[in-house]
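Welcome! Here is a short tour of one protein model, with a look at its inner spaces and one of its helices.

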Amino acid sequence: MAKFFNYTFLVICTVGFLAVSVDVPISWTSPNYVKLYSNDSSINPLPKPITVSEDGWIGSLVTIGAIIGPIPAPYICSKFGRKNALLVSALPLITSFYMLAFAKNVYTIYVARTLGGMSLGAGYALLPIYVGEIAEDYNRGMLSQAINVFWSTGNFIVYSTGPFMSYKAFNLMIAMLPTIFFFLFLLLAPESPYYLVAENKMEKAAKSLMLLRSKDKDAVQEELVFIKDQLNDHKENGGLADLFADNIVRRAFIICLLLVFSQEMCGFSALFFYMQLIFQASGSQLSDDISSLIISVIILTSSFISPFTVDRFGRRTLIVVSCFGMCFSLAALGIFFYLLEYTSVSTEPLYWLPITSLVCFIFFFNFGMSVPWTVTAEMLPGHVKETATTIITSTSWIVAFLLTLFFNDITSIMGMGQTFWCFGLYCFVAGIMVFLFVPETKGKSFSEIQDILRYGGMFHFRSKKYVSEKSKGVEKY
């Protein structure tokens, strides 16, 4: 226990303030849409209620910012260091929350949401890199998944406090989170030892490791040599062409891209952005505020599962179970809205089904769909990690932008039930694809993962046996 609660743990907790903050823009709309649609001037800070079109832009502009945010991240990360990159990524978010608190017109909200999205995209790209580089081998999986706990905490804060606070007070409160992060991280956090070794600042790298591991200089020499050897394999940072020049890197990139793409195609962003409006549309006997409060508790409690199971059951197992669980949850939610919209069957006895379906969806999402970011950090070689993470993050937010912008239009054309069924169908297909094509990275070194990608063939559910035989000179497939 003492080994775990060292200075690294303190730094992770400090980073947690940013992780909590960057996820707030995703769920921010759920309690605030209700206020912005209100005709009551004591509730709505704007001079008039927003329109459906303005609703779409308020929701989707954060994803445009999230597409832009990761683009400068690799340059800042490699030129000025991981620590400075994270500090810079917090500034748009701080500005965004204060702008939202004092907004008097919808255009101010537009700008603020875009700025918040920039920090969101940059945070998703940078946080796994920094946490992965300061963690040790024995706790890297757990600490990487701890980011998901912090992300979920941000959503918990929104759903548990947003419906019960005024618009201005709520935004001022959440503005404190990235502000606290900025000053604590500036004062307490060391630079990543990987970055310092890459810059040939060996003395500073040793001091960083001494602080993180709570050890003396002699005790960190072995790890310092290990980091140097890893970086010597690829001394230059790779660009876009390097992602496709090598078959192993190309395969790893495509797998990671599809995993993170699946996070959005399961409908996560659309459901989170419109959570409270979905409750209203369902006509549930539970109030919207109480439903949101229940959801917030499930978001937080279920996020604690993956840090303690990811190294026990494996990355691929968690993702597959997550996909099929979300599939059945969305199918049930679709059935409710199909009965409500297209049949004369009374849905009053099923008032519990929407909240139960969403609870199950969130539980299964947190169970395994946060794991793709851990797989990305483990599978991609260091020389292309920054470039690949930027592309993967931006691509995922492009999908999120399209889904949130056109969610109202899609539900108007197809119906809400059929829309949820489409999300569920994708989850089912994604679960099969992950089982067939994604290798298990639990307990494997980077070189072992590369061997699986090199020798394992297309179907990774049999790669362990194949790699073992290949290493003995036997090739059966």
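Which helix gives the most to the lining of the largest cavity? The answer is H7, with 4 residues. Before going further, please note that this is a predicted model, in which local features need pLDDT of at least 70 and side-chain atom pairs count only at pLDDT 80 or more, while totals for chains, interfaces and linings use all residues. Residues are numbered from 1 along each chain as its sequence is written, and side-chain values use heavy atoms, with hydrogens and water left out.

**Cavities**

A cavity is a set of points on a 1 Å grid over the protein atoms alone where a 1.4 Å probe fits but cannot get out, and its lining residues have an atom within 4 Å of a point. Searching the whole structure turns up 5 cavities of 30 Å³ or more, where a volume is the space filled by probe spheres set on the points. Here are two of them:

| Cavity | Volume | Residues from H7 in the lining |
|---|---|---|
| Largest | about 180 Å³ | 4 residues |

Of the 19 residues that line the largest cavity, Tyr124, Asn148, Trp151, Phe268 and Phe365 lie nearest its centre. Elements giving two or more residues to this lining include helix H7 (140-161) and helix H21 (382-414); helices here are DSSP runs (H or I) of at least four residues, numbered from the N terminus. By class, the lining of the largest cavity has 10 nonpolar, 7 polar and 2 charged residues.

**Helix H6**

With 29 residues (106-134), H6 should span 42 Å at 1.5 Å a residue, and its end C-alpha atoms are 41 Å apart, which agrees. The expected span is 1.5 Å times one less than the number of residues. H6 bends by about 30 degrees at Gly123, the bend being the angle between axes fitted to the seven residues ending there and the seven starting there. In H6, 24 of the 29 residues are buried, meaning under 20% relative accessible area with a 1.4 Å probe, protein chains only. At its start, a side-chain oxygen of Asn105 comes to within 3.1 Å of the backbone nitrogen of Tyr107.

**Thr390**

Thr390 sits in helix H21. Its relative accessible area is 10%, so Thr390 is buried. A polar atom of its side chain lies 3.3 Å from the backbone oxygen of Pro70.

Key:
Buried means under 20% relative accessible area, exposed over 50%, partly exposed in between (1.4 Å probe, protein chains only). A polar contact is a pair of N or O atoms within 3.5 Å; within protein, one must be able to donate a hydrogen and the other to accept it, and residues adjacent in sequence count only if both atoms are side-chain atoms. On a 1 Å grid over the protein atoms alone, a cavity is a set of points where a 1.4 Å probe fits but cannot get out, and a pocket is an open set with protein on both sides within 12 Å along at least five of seven lines; lining residues have an atom within 4 Å of a point. Ala, Val, Leu, Ile, Met, Phe, Trp, Tyr, Cys and Pro count as nonpolar, Asp, Glu, Lys and Arg as charged, and the others, Gly among them, as polar.
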